[in-house]
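Thanks, everyone, for making the time. I would like to walk you through one structure this morning, going from its domains to some annotated positions and then to its cavities.

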Number of protein chains: 2
Amino acid sequence: MFDGKKRVVIENPRPRVDDGRFPAKRALYETVEVKADILVDGHDALRAVCLFRRESEQEHTVLEMTHLVNDLWTAEFQILAMERYYFTIRAWVDPYASWLNNLRKKHEARQDVAVELADGALLIEQAAARAPVQEDRENLHRYAAMLRESAQGDAVLLAGGAGVSELMARYPDPNTFSEYGQELVIEPEPAKAAFSTWYEVFPRSTGMGLAHGTFATLEELLPRIAAAGFDVVYLPPVHPIGSTFRKGKDNSPDAGPDDVGSPWAIGSEDGGHKSVHPQLGTMEDFERLVTIAKDKYGIDVAIDIAFQCSPDHPYVQEHPEWFRMRSDGTIQYAENPPKKYQDVYPFNFECDDWIGLWAELKSIFKFWIERGVRIFRVDNPHTKPLPFWEWCLGELRKEHPEIIYLSEAFTRPKIMYRLAKAGFTHSYTYFTWRNSKQELTQYLTELVEHAPRDYFRPNFWPNTPDILPEYLQYGGRPAFIIRLVLAATLSSNYGIYGPAFELCENEAVPGTIDYVHSEKYEIRDWNLEQSGTLWPFLTLVNRIRRENPALQQTWNLRFLPTDNDFVIFFAKESSEKAEPGSEVILVAVNLDPHNPQTATLTLPLEEYGIDESQTYMVHDLLGDDKFVWQGRHNRLDFDPRQLPARIFRLKRKLKRETDFDYFM
Amino acid sequence: MFDGKKRVVIENPRPRVDDGRFPAKRALYETVEVKADILVDGHDALRAVCLFRRESEQEHTVLEMTHLVNDLWTAEFQILAMERYYFTIRAWVDPYASWLNNLRKKHEARQDVAVELADGALLIEQAAARAPVQEDRENLHRYAAMLRESAQGDAVLLAGGAGVSELMARYPDPNTFSEYGQELVIEPEPAKAAFSTWYEVFPRSTGMGLAHGTFATLEELLPRIAAAGFDVVYLPPVHPIGSTFRKGKDNSPDAGPDDVGSPWAIGSEDGGHKSVHPQLGTMEDFERLVTIAKDKYGIDVAIDIAFQCSPDHPYVQEHPEWFRMRSDGTIQYAENPPKKYQDVYPFNFECDDWIGLWAELKSIFKFWIERGVRIFRVDNPHTKPLPFWEWCLGELRKEHPEIIYLSEAFTRPKIMYRLAKAGFTHSYTYFTWRNSKQELTQYLTELVEHAPRDYFRPNFWPNTPDILPEYLQYGGRPAFIIRLVLAATLSSNYGIYGPAFELCENEAVPGTIDYVHSEKYEIRDWNLEQSGTLWPFLTLVNRIRRENPALQQTWNLRFLPTDNDFVIFFAKESSEKAEPGSEVILVAVNLDPHNPQTATLTLPLEEYGIDESQTYMVHDLLGDDKFVWQGRHNRLDFDPRQLPARIFRLKRKLKRETDFDYFM
């Protein structure tokens, strides 16, 4: 364990999730910024390298690390393949660099350095003895001789020259290498994991009038959805719907003969989780929808996987052992006492045949992957065992690293985070209920600055079929605009449940957050051309997201100050490197949907290369207004009836640029 | 790895240092508060236990954990032996408690629970099948029968009764246990690691006038030092002092024949690290000092271990291979180019005989431990390899867990923390240079609230022989009072370098933080009875520390608000449990040594059980003043010429108490 020749210690390598128990995640083309604290006694110079490899590679790539500050070292590499990456860290004392530092200081202080030069020549000869390349060996010996023979001033210059330094760096003494030991893992994710725009729609509501829509009628909507900038169309469960205890309109316990039932009551004599609901079409229709969406519009059709059964599901007959049996011989239905959900049977994940059940459930994902589905929204994963997800998603990922899983877990934070560690790509979040500046700032800071960022990707939804928040119920159309802009700019992944959202549907069952005439229980005849529709605005916001790389990341969020608690202000930068000319997106939103607000926005001008005395231009991409500002403080009015939000673009100044360069 | 019956997951158990790479530390009689995040899907009731054992024990003690909030569970145990403690965590779903919760809700909602009662009877019978004790088995079967046969109301009451609940808790199903897996380690430390008061003194300055003091003259000072409340007397190196390149007064390179030299230039013909300097007395004198100090005064004599040699050290002749040889055949002296320290040879810890060198250095500690020393101050540990310390202190600790090591590392933070992880008990800190309210608040918050608290114990020193901070140079006597009160109350471990401190010695070599006439190079004739000495004040402060358990911990620090940036205000509570009647110490210090300051102190009254409308008394233990306050805001003047600091004692209110109870 201890070796006197290995003086360096390596601590706290990152990214590392739960002591390395789980992989950190990065999407394709994202950068892995490796960090570690690397320590040594005294003042010797250090070298540190990050060794990384793809799963399919035997050899590590060796990446030189750089000292940032305070013993923190860093290096970065990019994910270029959908394979696991493994990295570890090696560090050692660099005796030649240490010697050179001291030599220069002594020489500058006009001390005699004859002995020092001889010491250095010895170091060079030791490196020569380690060099397998004859030419390098010879060159090193030549340098050693020159150090011994040259005048001191010349020798000092020579010792620090590129020639010898480069050779010395090539042949460190492996006996002095400290290794971190453990390989840490980066799990690759598809590029869409980092940036995606979701549109949730009930296919059965896409028909003419109240006629039952189908995969085919939905197909007709694809051009419109694509034109608005969505790249994921997400469907509630597409499986046959049970009839026993079917729920009627507005969740009524008594369904009439024409009631279509909830898509989450899965399974009937027409099949279960591997079948499609006959009224939506055939499996071929579904596959056609998936293919056309992808090939023609770049849209992924995501489906909802809800691991539960209606009493009519074939599993109930075929595998009663997968359910919990009550003492009277009936199967235990779902309940949240005293509430009963008799139309839904949960699986008993800890049943004696859990191995068989788990395998079957995994095969459901596999079935749909084989039919072209690449994105799954998973219903209530927090009511299924966490170890099940880790196993199931881990096994699936081995063959299909390209799949995205969205966790519909609105539950306690650590459970949500654990689901992400266990393999969910995206998660629903508390954004849906965070409205005030303080709430939003606190929550986003947790997501963006703390550990979750290595494994938990938020997907922001202002509404869902289950949730019509009070803010939307009472805030009118401005509230929808506000929540849309927040979702679409705070998070690079967001979605809406439409058409309820774009049409500003805000009527709830009184005292609840449930939609009246909820599509969960009936077909809705939406008028997509309704006046006041947010569709054009949505389209603009999605276009701004597509055109500005700064909005295609979530982790680059940074809150900026305003003097008004109703106005939230934040920046997103396209590059972490603060390069001149790189783009800064500044978003300011009036969170008060009822009243105009005025706020002074404060910008960190010095970081943008802009002097306090200069004017600079910001371009509001929402209103297409251009403002010429001066100084860090700028006062602005936000009228919710006009435009409660601004999305400014500003370019970092180049070092020497004329005023013309401000204009974009 | 996966088992469908084990649904619970255990995350982030604490205390855990660097993923369990290092033990967390607790002093004897301190409490280990074990925490972990324990998660399960759905709404089932959980049980969790902490399993802990001493190193000498085979069997674990099983400690029930309690749910605090947000899936955080906790349990605590006390360190009662100087042995390593090991703990781990086990958790599982409690089906009976889960069933009982649901049963009650249904019964309250007046639902028929016949089937539920039969389900419960089954659970009880399953537990009976696991019970090895016949009586328990029979009782469980009896309860099951009663559940089946009683009227529903009676059965519901019975099911929740203590009898059956207690039995059911006794026989959980081990097949459902999730285990954290790894055992985490707590390293025991002696009680003095948590609370100690240090007095640094040069024995050679304890003689009459300028006569060379000895262990015997120091012994005569012990009653005085003990009476002032110090329990550690720490001596600079006591070994023979070299004469080659000996430094003269005020670090002059030319020593006169009478110059006594620096005690850190260790080794002469009289011996090295295992000898005492002849002018201080004999080894027997030293052992006598150690014994009398301990037995008569409860004082530990701490010595300084500085791993370096004067050119005259016997090691230089006996083991030239332990030093770095230069190309001209001379031994490399210490340097910080262009500065040269030719009187000191550092060891070459990575020499080819590092095993021999390391073993010899460890044997130096062992030598002094055998002579009764229990506390070592270690000089510049950050210039010796970190792996050396981990090995050396780890090996020593196996036989001698009772030893305290103080790290004299004034260096970068991560190095200081790593030394603590590697085995140092105490560390010098940046306190010596942190003067403003913001600096102190920020630094103490880092030490107290973040990871270091599990392994890094600060020891606060307002001065050392190497450091006379500018604050003390220019702040006059009030500055000494301010820094003393801060050191003694912010940290439960603190020390002063006397008599320079108590006599308010403030003359530095201009432009430096070096004392003029530094005792490092000459004998000083201190007048301990000098007017203005802080000795009586020191004695009072030390008495307050001894009498108030709240000041015998460091981690209970909490900053409170004031409206004046010159006045720092903080609380320490004797018990984390906020029990009525427990003691709160409130410290307020004017950090401006030059000017009177007035500040409004704001107290969290509700936590002390005191109503805004009530009066309450605080007792200033420094000025022996009693104040009757009302409300959370109280305004106070601090005149540095009178008393720049207050140490208030306040007792938490009992729930029902009369006004008389305020008086202590």
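In this predicted model, chain A is assigned domain 1, which covers 1-94 + 178-189, domain 2, which covers 95-171, and domain 3, which covers 552-651. Between domain 1 of chain A and domain 3 of chain A, the C-alpha centres are 37 Å apart.

Let me turn to the annotation: an unreviewed UniProt entry gives the feature "binding site" at K247(A), Q308(A), D343(A), N380(A), K520(A) and Y521(A). I will take two of these positions in turn.

D343(A) sits in the loop that runs between β16 (339-341) and β17 (345-346) of chain A, and because its relative accessible area is 7%, under the 20% cut-off, D343(A) counts as buried. Beyond its neighbours within four places in sequence, the contacts of D343(A) include K247(A), which is also on the UniProt list, along with T244(A) and F245(A).

K520(A) is found in the loop between β22 (493-497) and α15 (535-547) of chain A, and with a relative accessible area of 15% K520(A) is buried.

The largest, at about 90 Å³, is lined by chain B residues, including F202(B), R204(B) and H239(B).

Terms used. Residues are numbered from 1 along each chain as its sequence is written. Chains are lettered from A and ligands numbered from 1 in the order in which they are written. This is a predicted model: local features need pLDDT of at least 70, side-chain atom pairs count only at pLDDT 80 or more; totals for chains, interfaces and linings use all residues. Side-chain values use heavy atoms; hydrogens and water are left out. On a 1 Å grid over the protein atoms alone, a cavity is a set of points where a 1.4 Å probe fits but cannot get out, and a pocket is an open set with protein on both sides within 12 Å along at least five of seven lines; lining residues have an atom within 4 Å of a point. Grid points are joined across faces, edges and corners, and a volume is the space filled by probe spheres set on the points. Domain bounds come from an automatic or database domain assignment. UniProt positions are given in the numbering used here, feature names are shortened, and annotations may be inferred rather than shown by experiment. Helices (H or I, at least four residues) and strands (E, at least two) are DSSP runs, numbered from the N terminus. Buried means under 20% relative accessible area, exposed over 50%, partly exposed in between (1.4 Å probe, protein chains only). Contact means heavy atoms within 4.5 Å.
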